[in-house]
Amino acid sequence: MSSQTNDPRQPSAAKPYKPPPVAPQDLPIDYSGFIAVIFGVFGAMFRYKVCSWLAIIFSAQSLANMRNMENDLKQISMAMMFGIMGLMTNYLGVGPRGSKKT
């Protein structure tokens, strides 16, 4: 058994870890935000309900993992608006019109 006197560690010299500051342009890409924008655009343009719902889900995930407040908030809000716009056009928009034969 080792005793306290043989311990080479110095608890008085220990400092808490502080991560180095990272510039906003050096942060990794927010893939969930990018995927949310892509799904939002597809959902709004091609009227795919699944893409619009996926855009909302990926936007929420990107909002939960947001690192850079200014840039990420712009991207998330754009993706969320495309997703909501796609859902509005799918569920409340005018559907395909059938031709009446008389």
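The largest pocket of this predicted model is lined by four nonpolar, five polar and three charged residues. Three aromatic pairs turn up in a search of the whole structure. The notes below take these topics in turn, then go on to the annotated segments and a loop residue.

**Largest pocket**

- The space in the largest pocket comes to about 190 Å³.
- One stretch of its lining includes Pro 24, Gln 25, Leu 27, Pro 28, Ile 29 and Asp 30.
- Also among the lining residues are Asn 65, Arg 67, Asn 68, Asn 71, Asp 72 and Gln 75.

**Aromatic pairs**

- The search of the whole structure gives three aromatic pairs.
- Phe 39 and Phe 58 make a stacked pair, with 5.9 Å from centre to centre and 20 degrees between the planes.
- Phe 39 belongs to helix α1 (residues 31-46) and Phe 58 to helix α2 (residues 49-64), so this pair ties together parts that are 19 residues apart in sequence.
- Phe 39 has a relative accessible area of 22% and is partly exposed; Phe 58 is partly exposed, at 22% relative accessibility.
- Phe 46 and Tyr 48 make a tilted pair, with 6.1 Å from centre to centre and 40 degrees between the planes.
- Phe 46 counts as partly exposed at 44% relative accessibility, and Tyr 48 counts as partly exposed at 47%.
- Phe 42, Phe 46 and Tyr 48 are linked into a cluster by ring pairs.

**Annotated segments**

- An unreviewed UniProt entry carries the annotation "transmembrane region" for residues 34-56 and 76-94.
- In the model, residues 34-56 are 91% helix and 0% strand, and the C-alpha atoms at the two ends are 12 Å apart.
- Residues 76-94 are 84% helix and 0% strand, and the end C-alpha atoms of this segment are 27 Å apart.

**Arg 47**

- Arg 47 sits in the loop between α1 and α2.
- Most residues other than glycine have a negative phi.
- Arg 47 is not a glycine, yet its phi is positive, at about 60 degrees.
- With a relative accessible area of 39%, Arg 47 is partly exposed.

Terms used. Residues are numbered from 1 along each chain as its sequence is written. This is a predicted model: local features need pLDDT of at least 70, side-chain atom pairs count only at pLDDT 80 or more; totals for chains, interfaces and linings use all residues. Side-chain values use heavy atoms; hydrogens and water are left out. On a 1 Å grid over the protein atoms alone, a cavity is a set of points where a 1.4 Å probe fits but cannot get out, and a pocket is an open set with protein on both sides within 12 Å along at least five of seven lines; lining residues have an atom within 4 Å of a point. Grid points are joined across faces, edges and corners, and a volume is the space filled by probe spheres set on the points. Ala, Val, Leu, Ile, Met, Phe, Trp, Tyr, Cys and Pro count as nonpolar, Asp, Glu, Lys and Arg as charged, and the others, Gly among them, as polar. Rings of Phe, Tyr and Trp (its six-membered ring) pair if their centres lie within 6.5 Å; planes under 30 degrees apart count as stacked, over 60 as edge-to-face and the rest as tilted. Helices (H or I, at least four residues) and strands (E, at least two) are DSSP runs, numbered from the N terminus. Buried means under 20% relative accessible area, exposed over 50%, partly exposed in between (1.4 Å probe, protein chains only). UniProt positions are given in the numbering used here, feature names are shortened, and annotations may be inferred rather than shown by experiment.
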